Amino acid sequence: MTFKNCYGIMKAMIARLTENYSELIESPYLSSFEKELLICYSSKNSSENDLRDALYNLSFFLQKHYHQKVIILIDEYDVPLQSAYKHGYYDEMTNFLRSVLSPALKTNDALERGVLTGCLRIAKESIFTGLNNFTVRTITSQFASDCFGFTQEEIDDLLNYYDLSNKREEMKEWYDGYLFHKTEIYNPWSVLNYIKELLGDREFHAISFWTNTSSNDLVRKYIENSTSKMKAEFEELMNGKSIIKKVSPELTYREMNFENKNDMNDDVYSFLLYTGYLKIKDKVYDDKGREIPNTYELVIPNQEVQYIYHDIFMKWFERYQREREHSFIEALINNDESKANRILQDVLMQSISYYDNYETFYHGFLVGFLSAGKYTVKSNIESGDGRFDIEVLPSSILDTAIVIECKHSKRLKELVADSAKAAQQIIDQRYIEGLKEEGYKNVIGYGISFYKKQCIITKA
């Protein structure tokens, strides 16, 4: 949450690392000063300056003791940067990591090899100033493309070993779909969790095991703050379609720090690609057949990631609806058709539909929207001389009840007429009288017509 806390955690990590090499304390090859520094590390008493040199010093001491150069492995180097970005100490963390990692990887004669993994490329963060002898393997690199997860061949071996070959299609549908250069890769974390569950229950159905990662918080932020254009693009993706985007080869969290939704740009999609929430489906070419640099057709990789998008969006949208449901019903009770229309239109525009552009979809949408508050919502109820779509009932019969009839317009220009027809149906079929006969003193009716994300409300 703070740089101070992060600094304390780093102290503890270095202390544990030092304790793993306790033999250095007795080494005849280390000076007394060097041993005192090790004791300082292990007791968590090191200053910030000492901590900045810790990785370099430890590798130097190990090389002196074992007479062999050292391999340094750093997993998810950019996770501290993500935390710093989220909690507001990004510059401090960038400077600190630079001072820790650059000496260890740049000017370290004891280093045999260093390997780092992360979602975002290292060069542009300026953490390794002047370091120019490293090789980067990304999702588009031909080399090491089979090293980022399980290949299809490995999955088949795994399923055969546990006699689970009948789960191959479900495994593929849920956890495959990542493309590194031309190699299809499965999410290894989710695959192993799925296998573990299957060994206990052969009928276990695949679920999303990748739902609580730190990057989900950023995805949630981008969905909640996205522009209307981006929401439309998210809708395309969630409906199984692709979008074409120019991808930034090097991206930093600093560039992702959008102050408001108007600042958001296509770098969001680069981030989603690098963190596994999108995949490259194909390259993009111009009208002369030439490949457009860094431009790709992007899709959601698999069912697991589809579930994450759906879960994040639905939780946000349900909250969004709850905040507006009371105002909508209040506007209907006050006969303010214009205000009610604006509120419902706004909620529709914020929704992500699945192209269920038919009457029963809108019926269900309205029931869900209206059920968020304190009113009782019922649908397809017999009243008067027919069966109306929705009734919104207050807790007391002395308060106002609402009858709603829905229509799905086939064309935009038919919205007004269809809304009026729905309102007239309420009158002709005596829906309001039917509720009054049940004991409700005040009842009003509205016809609502829908066309895609447009609507018109007419009072009966």
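**Notes on two helix pairs and two residues**

1. Let's start with S145, which sits in the loop that runs between β2 (111–116) and α7. Keep in mind while reading that this is a predicted model.

2. Is S145 buried or exposed? Its relative accessibility comes out at 8%, so S145 counts as buried, the cut-off for that class being under 20%.

3. What does S145 touch, once neighbours within four places in sequence are left aside? The contacts are F180, H181, T183 and I185. With T183 there is also a side-chain to side-chain link: a polar contact of 2.9 Å joins S145 and T183.

4. Helix α7 covers residues 152–161 and helix α8 covers residues 168–175; their axes come within 11 Å and cross at roughly 140°. That angle is why α7 is described as oblique to α8; to be called roughly antiparallel, the pair would need an angle over 145 degrees. As for handedness, α7 and α8 make a right-handed crossing.

5. Which residues do the work of contact here? On the α7 side they are Q152, I155, D156 and L159, and on the α8 side R168, M171 and K172. Sorted by class, the contact of α7 with α8 has three nonpolar residues, one polar and three charged.

6. D157 is also in helix α7. At 48% relative accessibility, D157 counts as partly exposed, since the exposed class begins over 50%. If you like to think in terms of sequence versus space, take D157 and V79: they are 78 residues apart along the sequence, and their C-alpha atoms are 32 Å apart.

7. Now for the other helix pair, α1 (residues 3–19) and α6 (residues 90–105). The two pack with axes 11 Å apart, at an angle of about 25°. This makes α1 roughly parallel to α6, because angles under 35 degrees fall in that class. The crossing of α1 past α6 is right-handed.

8. Who meets whom between α1 and α6? From α1 the contact takes F3, C6 and M10; from α6 it takes E92, M93, F96 and V100. The class count for this contact is six nonpolar residues, no polar ones and one charged.

9. The contact of α7 with α8 includes three charged residues, and that of α1 with α6 has one.

Terms used. Residues are numbered from 1 along each chain as its sequence is written. This is a predicted model: local features need pLDDT of at least 70, side-chain atom pairs count only at pLDDT 80 or more; totals for chains, interfaces and linings use all residues. Side-chain values use heavy atoms; hydrogens and water are left out. Axes are lines fitted to C-alpha atoms, for helices over the stretch in contact, and angles run from 0 to 180 degrees between N-to-C directions. Helices (H or I, at least four residues) and strands (E, at least two) are DSSP runs, numbered from the N terminus. Angles under 35 degrees count as roughly parallel, over 145 as roughly antiparallel, 65 to 115 as roughly perpendicular and the rest as oblique. A crossing is left-handed if the near helix is turned anticlockwise from the far one by less than a right angle, and right-handed if clockwise. Contact means heavy atoms within 4.5 Å. Ala, Val, Leu, Ile, Met, Phe, Trp, Tyr, Cys and Pro count as nonpolar, Asp, Glu, Lys and Arg as charged, and the others, Gly among them, as polar. Buried means under 20% relative accessible area, exposed over 50%, partly exposed in between (1.4 Å probe, protein chains only). A polar contact is a pair of N or O atoms within 3.5 Å; within protein, one must be able to donate a hydrogen and the other to accept it, and residues adjacent in sequence count only if both atoms are side-chain atoms.
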